[in-house]
Amino acid sequence: MPDSLYEHDVLAWSEHQAELLRRFGRGERVNDVDWANVAEEIEGVGLSELHAVESYLNLILLHLLKLHVWPDSEACRHWRVEIVGFQKNLKRQFAPSMRQRIDLGELYTDALDQLRAGDPELRLPTENPFSLDDVRVGDVKSLVSRFAPPEADSRA
């Protein structure tokens with residue numbers, strides 16, 4: 001198969017490479033394994049999983065901040081339900097090796113930036129009160145209680 005197949009039809013390329021690797025695993029001699037791109041794709045699988053976990057963490061933090069800033073919103077029930085769903089998805093995808101790669105402080109800052117994009121005048125707690133384990137498995141009510149009490153007016 002031509003080397004350019006990777007760029008033009010990654011599905012066909014991946015199927016062909018998988019078959020070559022299976023043959024290689026059975027002890028056959030194969031000559032055209034695209035080792036460089038196979039290695040890149042294998043590494044990409046792990047990075048994709050890490051990014052999915054980071055995305056769930058970001059969404060949990062964002063929803064916790066919404067619950068803090070707008071505690072009387074009609075959307076609170078929806079945000080709580082979503083947090084629990086995000087935690088369950090996170091539990092399925094989280095791997096111990098990810099712990100050292102996740103910067104929860106950066107994800108918290110990203111969540112703050114997201115909320116500020118919608119309303120730059122919002123007063124938001126700038127200090128992240130959570131550990132990774134808190135966000136992964138903590139009860140929503142106890143997590144929200146970690147923030148300082150919201151001011152009567154959440155605008156500056």
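Read from the N terminus, the chain goes α-α-α-α-α-α-α, which makes 7 helices and 0 strands (helices are DSSP runs of H or I with at least four residues, strands are runs of E with at least two, and numbering starts at the N terminus). The radius of gyration is 22 Å, well over the 15 Å that the globule rule gives for 156 residues, so the chain is more spread out than a compact globule. Here the radius is taken over C-alpha atoms, and the globule rule is 2.2 Å times the number of residues to the power 0.38. This is a predicted model, in which local features need pLDDT of at least 70 and side-chain atom pairs count only at pLDDT 80 or more, while totals for chains, interfaces and linings use all residues. Residues are numbered from 1 along each chain as its sequence is written, and side-chain values use heavy atoms, with hydrogens and water left out.

The C-alpha trace spans about 70 × 30 × 25 Å along its principal axes. Of the 156 residues, 36% are buried (buried means under 20% relative accessible area, exposed over 50%, and partly exposed in between, with a 1.4 Å probe and protein chains only). Among contacts with a separation of 6 or more, 66% come from residues 24 or more positions apart, where contact means heavy atoms within 4.5 Å. The accessible surface comes to about 10,000 Å², and carbon and sulfur atoms hold 51% of it; these areas come from the Shrake-Rupley method with a 1.4 Å probe, and for residues only the protein chains shown count as cover.

Next come the charges. The chain carries 18 positive and 28 negative side chains, with the centres of the two sets 9 Å apart. Lys and Arg count as positive and Asp and Glu as negative, leaving out His and the chain ends; each charge is placed at NZ of Lys, CZ of Arg, CG of Asp or CD of Glu. There are 6 salt bridges in the structure, a salt bridge being a side-chain nitrogen of Lys or Arg within 4 Å of a carboxyl oxygen of Asp or Glu.

Asp 133 takes part in a salt bridge with Arg 99, at 3.0 Å from N to O. Asp 133 sits in helix 6 (residues 132-137) and Arg 99 in the loop between helix 4 (76-93) and helix 5 (104-118), so this pair ties together parts that are 34 residues apart in sequence. Asp 133 is partly exposed at 34% relative accessibility, and Arg 99 is partly exposed too, at 39%. Asp 133 also meets Arg 136 in a salt bridge, at 2.7 Å from N to O. Asp 133 and Arg 136 both lie in helix 6, 3 residues apart, or about one turn of the helix. Elsewhere, salt bridges that share partners link Glu 19, Arg 23, Arg 26 and Glu 28 into one network. Arg 26 is exposed, with 54% relative accessible area, whereas Glu 28 is partly exposed at 35%.

A few residues show how the helices meet. Ile 83, in helix 4, is buried, with a relative accessible area of 0%. Leaving aside neighbours within four places in sequence, Ile 83 is in contact with Ile 60, His 63, Leu 64, Leu 67 and Val 140. One of these partners is Leu 64, 19 residues away along the chain, with 7.8 Å between the C-alpha atoms of Ile 83 and Leu 64.

Over in helix 5, Leu 115 is buried as well, at 8% relative accessibility. Beyond four places in sequence, Leu 115 touches Leu 62, Leu 65, Lys 66, Trp 70, Leu 122 and Leu 124. Leu 115 and Lys 66 are 49 residues apart in sequence, yet 8.1 Å apart in space, C-alpha to C-alpha.

Neighbours within four places aside, Asn 37 is in contact with Tyr 6 and Trp 13. Ala 18, in helix 2 (residues 10-25), is partly exposed at 26% relative accessibility. Between the C-alpha atoms of Ala 18 and Val 38, 20 residues apart along the chain, the separation is 9.1 Å.
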